[in-house]
Amino acid sequence: MNPYLVACHITPVHHLLYSDLCHLKPLTLLPTLVPSKTILITSTLSSNYRIDNALITHPNLYISSRIVVHGIDRILDLHPQRSKMPPLLHVGNVLGAASSQTGE
């Protein structure tokens with residue numbers, strides 16, 4: 001397994017439960033551990049919630065005080081051209097994560 005590929009599937013947004021994901025709008029971009037890559041929310045339908053067109057098949061598969069793991073049906077296809085596009089919506093603006101990370 002390529003460590004770079006794994007890092008592209010991890011978002012530093014703290015404790016993002018499935019219920020938190022459901023509050024995000026389509027086209028929201030989530031940061032990853034790779035600064036040049038983002039995860040795109042592509043569908044927010046409860047029966048068809050998708051990130052980068054990968055279906056979340058097992059929401060909240062593992063939950064601890066530090067991480068949440070969601071099962072998806074395929075490896076994310078993180079397009080390099082999107083990493084250069086300005087984000088349409090930042091997850092920090094939706095969940096308040098940006099202000100909590102900066103200590104505001």
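Predicted model: local features only at pLDDT ≥ 70, side-chain atom pairs only at ≥ 80, totals over all residues.

Trainee: Where is Thr-32 placed?

Mentor: Thr-32 is in the loop between strand S1 (28-31) and S2. Helices (H or I, at least four residues) and strands (E, at least two) are DSSP runs, numbered from the N terminus.

Trainee: Which backbone oxygens does the side chain of Thr-32 reach?

Mentor: One is the backbone oxygen of Val-34, at 2.9 Å. Another is that of Lys-37, which lies 3.0 Å from a polar atom of the Thr-32 side chain.

Trainee: And what is Thr-32 in contact with, leaving aside neighbours within four places in sequence?

Mentor: Contact means heavy atoms within 4.5 Å. With those neighbours left aside, the list for Thr-32 includes Ala-7, Cys-8, Ile-10, Lys-37 and Ile-39.

Trainee: Let's zoom out. How many helices and strands does the protein chain have?

Mentor: There are 4 helices and 6 strands. From the N terminus on, they run α-α-β-β-β-β-β-β-α-α. The chain has 104 residues, and buried ones make up 30% of them.

Trainee: Which residues have the most contacts inside the largest nonpolar core?

Mentor: That core has 13 residues, and those with the most contacts inside it are Leu-21, Leu-24, Leu-30, Ile-41, Tyr-49, Ile-51 and Ile-56. Helix H2 (18-21), strand S2 (38-45), strand S3 (48-51) and strand S4 (54-63) each supply at least two of the core's residues. By nonpolar core I mean a set of buried Ala, Val, Leu, Ile, Met, Phe, Trp, Tyr and Cys residues joined through side-chain atoms within 4.5 Å.

Trainee: What does Leu-21 touch?

Mentor: Not counting residues up to four places away in sequence, Leu-21 touches Leu-16, Leu-30, Ile-41, Tyr-49, Ile-56 and His-70.

Trainee: What about Ser-43, buried or exposed?

Mentor: Ser-43 counts as buried, at 12% relative accessibility, and its place is in strand S2. A polar atom of its side chain lies 2.9 Å from the backbone oxygen of Asn-48. Ser-43 also touches Asn-48, Tyr-49 and Arg-50, if you skip residues up to four places away in sequence.

Trainee: New topic! How many salt bridges does the structure hold?

Mentor: It holds 1 salt bridge. Asp-73 forms a salt bridge with Arg-74, and their closest N and O atoms are 3.7 Å apart. The term needs a side-chain nitrogen of Lys or Arg within 4 Å of a carboxyl oxygen of Asp or Glu.

Trainee: Why can side chains pair like that?

Mentor: Side chains of opposite charge can pair when their charged atoms come close.

Trainee: And how exposed are Asp-73 and Arg-74?

Mentor: Asp-73 is partly exposed, with a relative accessible area of 40%. Arg-74 is partly exposed too, at 43%.

Methods: Residues numbered from 1 in each chain as written. Heavy atoms only, no water. Buried < 20%, exposed > 50% of the residue type's maximum accessible area, 1.4 Å probe, protein only. Polar contact = N/O pair within 3.5 Å; in protein donor to acceptor, adjacent residues only side chain to side chain.
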